[in-house]
Amino acid sequence: MKLIWNMAKMIKSTVRTIFHQIGRVPPISTFSRRWQGSAAILGYHRVIPDQDYSLLNGPYKDLSCCISTFENQLKFLRANYCLVSMNQLFEHIRQKHPGFVVALTMDDGYRDNYLYALPVLQRLDIPVTIY
């Protein structure tokens, strides 16, 4: 079962890489820009301590990330995108503002959202909606 799980993850990663590379080819990237929206919502589920992440197994591991990875992703997003609250994202779309914005959500309201994710988000001053 573990072999099948690892193969599925490898295939998923390979397909993602191929599509990412194809999207950079000029004729395709020009065409795909027409399909890009003005906003994105990124949903996270669980953020757990780095030492605990290595102990996770099974299908739910892909719904989790360790604190260091989460923080690195947030720093990247902050440096490259305009991060807004869900209300601001709604207004951005409703009023057809130019530019691209990103809102973050923490889905399922796990306790670790409060214990581990929220302190990082607050330190980096990034708005989030926790469901």
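**Exercise 1.** Determine which residues Asn113 touches in this predicted model, not counting residues up to four places away in sequence, and whether Asn113 is buried or exposed.

*Solution.* Step 1: locate the residue. Asn113 belongs to helix 6, which covers residues 111-123.
Step 1: list the partners. Beyond four places in sequence, Asn113 touches His45, Arg46, Met106, Asp107, Leu118 and Ile130.
Step 2: look for a polar contact. The side chains of Asn113 and Asp112 form one, at 3.2 Å.
Step 3: judge the accessibility. Buried means under 20% relative accessible area. Asn113 has 1% relative accessibility, and therefore counts as buried.

**Exercise 2.** Describe the largest nonpolar core and the surroundings of Leu104, one of its residues.

*Solution.* Step 1: state the extent of the core. The largest nonpolar core has 15 residues.
Step 1: name the residues with the most contacts inside this core. They are Tyr44, Phe70, Leu74, Leu104, Leu121 and Ile126.
Step 2: assign elements. At least two residues of the core come from each of helix 4 (67-80), strand 5 (101-106) and helix 6.
Step 3: examine Leu104. Apart from neighbours within four places in sequence, Leu104 contacts Leu42, Tyr44, Leu74, Leu77, Val84, Leu121, Ile126, Pro127, Val128 and Thr129.
Step 4: recall the general background. In soluble globular proteins, nonpolar side chains tend to be buried together.

**Exercise 3.** Characterise the second largest pocket by its volume and its lining.

*Solution.* Step 1: give the volume. The second largest pocket has a volume of about 260 Å³.
Step 1: describe the lining. It consists of 13 residues, and those nearest the centre of the pocket are Gly43, Tyr44, Asp62, Cys65 and Gln73.
Step 2: classify the lining residues. Six are nonpolar, five polar and two charged.
Step 3: trace their origin. Strand 1 (39-44), strand 3 (64-66) and helix 4 each provide at least two lining residues.

Technical notes:
Residues are numbered from 1 along each chain as its sequence is written. This is a predicted model: local features need pLDDT of at least 70, side-chain atom pairs count only at pLDDT 80 or more; totals for chains, interfaces and linings use all residues. Side-chain values use heavy atoms; hydrogens and water are left out. Helices (H or I, at least four residues) and strands (E, at least two) are DSSP runs, numbered from the N terminus. Buried means under 20% relative accessible area, exposed over 50%, partly exposed in between (1.4 Å probe, protein chains only). A polar contact is a pair of N or O atoms within 3.5 Å; within protein, one must be able to donate a hydrogen and the other to accept it, and residues adjacent in sequence count only if both atoms are side-chain atoms. Contact means heavy atoms within 4.5 Å. A nonpolar core is a set of buried Ala, Val, Leu, Ile, Met, Phe, Trp, Tyr and Cys residues joined through side-chain atoms within 4.5 Å. On a 1 Å grid over the protein atoms alone, a cavity is a set of points where a 1.4 Å probe fits but cannot get out, and a pocket is an open set with protein on both sides within 12 Å along at least five of seven lines; lining residues have an atom within 4 Å of a point. Grid points are joined across faces, edges and corners, and a volume is the space filled by probe spheres set on the points. Ala, Val, Leu, Ile, Met, Phe, Trp, Tyr, Cys and Pro count as nonpolar, Asp, Glu, Lys and Arg as charged, and the others, Gly among them, as polar.
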